[in-house]
Amino acid sequence: MDDLTNEEIEAVFCLADEMAESMGEQAGVCRGKIMASLFFEPSTRTRLSFEAAMLRLGGQVITAVDIGATSLAKGESIADMARVVGSYADIIVIRHPWEGAARVVADYAGVPVINAGDGGHEHPTQTLLDLYTIRKERGAIKGLKIALWGDLKYGRTVHSLACALARFGASILFRPGPGLEMPEHVVRKLTKEYGGELRKCDVGDQPTRGDLFSLDAIYVTPSTPHQLAMMPDISIQVELEKGVDAIYVTRFQKERHAQGDGVQGSGTGYPVVDKRLLKEKTFRETLVMHPLPRIDELAHELDADPRSMYFKQAARGVPIRMALTSLLLGARQLDASTVREPAGARKTDYPVYDRGFGVMCQNRNCVSVNEKRYIKPEFRIVSRRPLTLMCIYCEHEVHPRYVASAEWHEGTLESKRYHSADSHWAGKIRLENLIAFDSESEARSRGFKPGRYTRD
Ligand code: CP
């Protein structure tokens, strides 16, 4: 989502409106262009709506839907595959189980690349059609209260959507299943980069029927007049009584849960949206959204309810993906007057840690961990105390245990020391000299000795 400004997103919506109204007149827009549709995880909506979008634009599609039927199965790198496919197609759409895989394809393909879902990280085009639906149904996004529901830990759609909602000035209610809270790196982005506030909810914050809708946390955007800091005594319950604008339901992402991690899906405390819940006053006018597929978390009895949006959402994937594809191919132009720096965009430009040694991403699904042969680990330094690095591929956070300075050589070998990352050294070493280590053995293997402030 960070690759699009708010104004670019608005421009995609305008073009999607135009294309939806004149679907039959778009067949010349991408004539002669080829889309490579690479789906290495199951998909119904995203793959078929991208392919339908390209065909409706008059382009053609080549596709691969099984890693086992590609040379990745023989050990080919994602980078090599990207270079080759980029020489066959004008645009690539990729879904891959590894987080950050789409970024690697974009680094090597030489043609526009669209992330159609990278592991549990992001699913930005789903967010485009989700925002489009909210805007079409409610007129605007700013000031709305949107509940994110279900597997917030591994649900890539909610990671992209939470950041986009914050940028467009909506407040967010978090209703995770047990053990499925929003990951730290997304919460950091919401609070540090988009400037809103997160309050963990207690019993007093719960809606009257807390058993049906028990909140974990609420994020209040800086653009609402009800900032928590300004109104510390604000009653979330009173706010909720005024109504929730949308519930965004997600399924338990069972394919991303490690065996034996103890977290379970439906039937074990996983929250369900059904007629009983929607009878509450809070939900009288609530849009019910879901990226689909659904399992048991969204009752079929709601399908005919006018508040249910999920099939409309899926249908809107076609004009949204037509608009995005034609813009990325240069077949349609953005109105330059609308493209400015985004008002609600990231405020933080973090320093980079790119030494390529000392510290690795700890996320076993990160592309940088799975394609070590050529990907150099790279991080943003998002906090010095406690020292926190964020992987540029999957955005997971790493907390290195030891630090050293690259300036040691200006002294004697005696000064080539490593120190505990929670000692004062973490703040003292200049960022351009900072070396971070996961372990003492890593520090020792680089010729560093324990310093006075090494604690183990
Ligand atoms: N919403 C979504 O990504 O659906 P598919 O997995 O069917 O593409």
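Predicted model: local features only at pLDDT ≥ 70, side-chain atom pairs only at ≥ 80, totals over all residues.

Author: Trp425 counts as partly exposed, because its relative accessibility is 23%. Residues are numbered from 1 along each chain as its sequence is written, and side-chain values use heavy atoms, with hydrogens and water left out.

Trp425 belongs to helix α12, residues 425-428. Helices (H or I, at least four residues) and strands (E, at least two) are DSSP runs, numbered from the N terminus. The Trp425 side chain makes a polar contact of 3.5 Å with the side chain of His419. Such a contact is a pair of N or O atoms within 3.5 Å; within protein, one must be able to donate a hydrogen and the other to accept it, and residues adjacent in sequence count only if both atoms are side-chain atoms. Ala404 sits 21 residues from Trp425 in sequence, and their C-alpha atoms are 8.0 Å apart.

Now the whole protein. It has 13 helices and 18 strands. Of its 456 residues, 55% are buried. Take the contacts (heavy atoms within 4.5 Å) with a separation of 6 or more: 73% of them link residues 24 or more positions apart.

Next, the interior. In soluble globular proteins, nonpolar side chains tend to be buried together. A nonpolar core here is a set of buried Ala, Val, Leu, Ile, Met, Phe, Trp, Tyr and Cys residues joined through side-chain atoms within 4.5 Å. The largest one has 57 residues, and Leu131, Leu148, Leu165 and Phe174 have the most contacts inside it. Helix α6 (residues 156-167) gives the largest share of this core, seven residues. Domain 1 (6-118 + 315-328) and domain 2 (125-313) each supply at least three residues; these bounds come from an automatic or database domain assignment. Apart from this core lies another, of 46 residues, including Ile78, Ala101, Val403 and Ala443.

Beyond its neighbours within four places in sequence, its contacts include Leu148, Leu152, Met182, Leu190 and Tyr219.

Which strand is largely enclosed by the rest of the structure? Strand β5 (residues 145-150) is, because six of its six residues are buried. Two strands pair if DSSP finds at least two bridges between them. β5 runs parallel to β6 (residues 171-176), with six bridges between them. Ile146 has Ile172 of β6 as its bridge partner. From β5 the chain passes through α6 to β6, a right-handed β-α-β crossover. Right-handed means that, with the strands pointing away from the viewer, the path from the first strand over the helix to the second runs clockwise.

β5 also runs parallel to β9 (residues 246-249), joined by four bridges. Ala147 is partnered with Ile247, and Leu148 stands opposite Tyr248. In a regular strand the side chains alternate between the two faces of the sheet. β9 is covered on both faces: Ala246 and Tyr248 are buried on one side, Ile247 and Val249 on the other. Three bridges then join β9 to β10 (residues 287-289), again in parallel. Tyr248 stands opposite Met289 there.

The loop between β10 and α10 (310-328) holds Pro293. The peptide bond from Leu292 to Pro293 is cis, with omega near 5°. Leu292 has a positive phi, near 65°, though it is a residue other than glycine. Its relative accessible area is 12%, so Leu292 is buried.

Now the antiparallel sheet. It is open, with four strands in the order β11-β12-β13-β14. β11 (352-353) and β14 (397-398) are the edge strands, each pairing on one side only. Two bridges join β13 (residues 387-391) to β14, and Leu389 stands opposite Val398. Another cis peptide bond joins Arg385 and Pro386, with omega about -5°.

Glu395 lies in the loop between β13 and β14. Its relative accessibility is 8%, so Glu395 counts as buried. Its phi is positive, about 70°, although Glu395 is not a glycine.

Terms used. Buried < 20%, exposed > 50% of the residue type's maximum accessible area, 1.4 Å probe, protein only.
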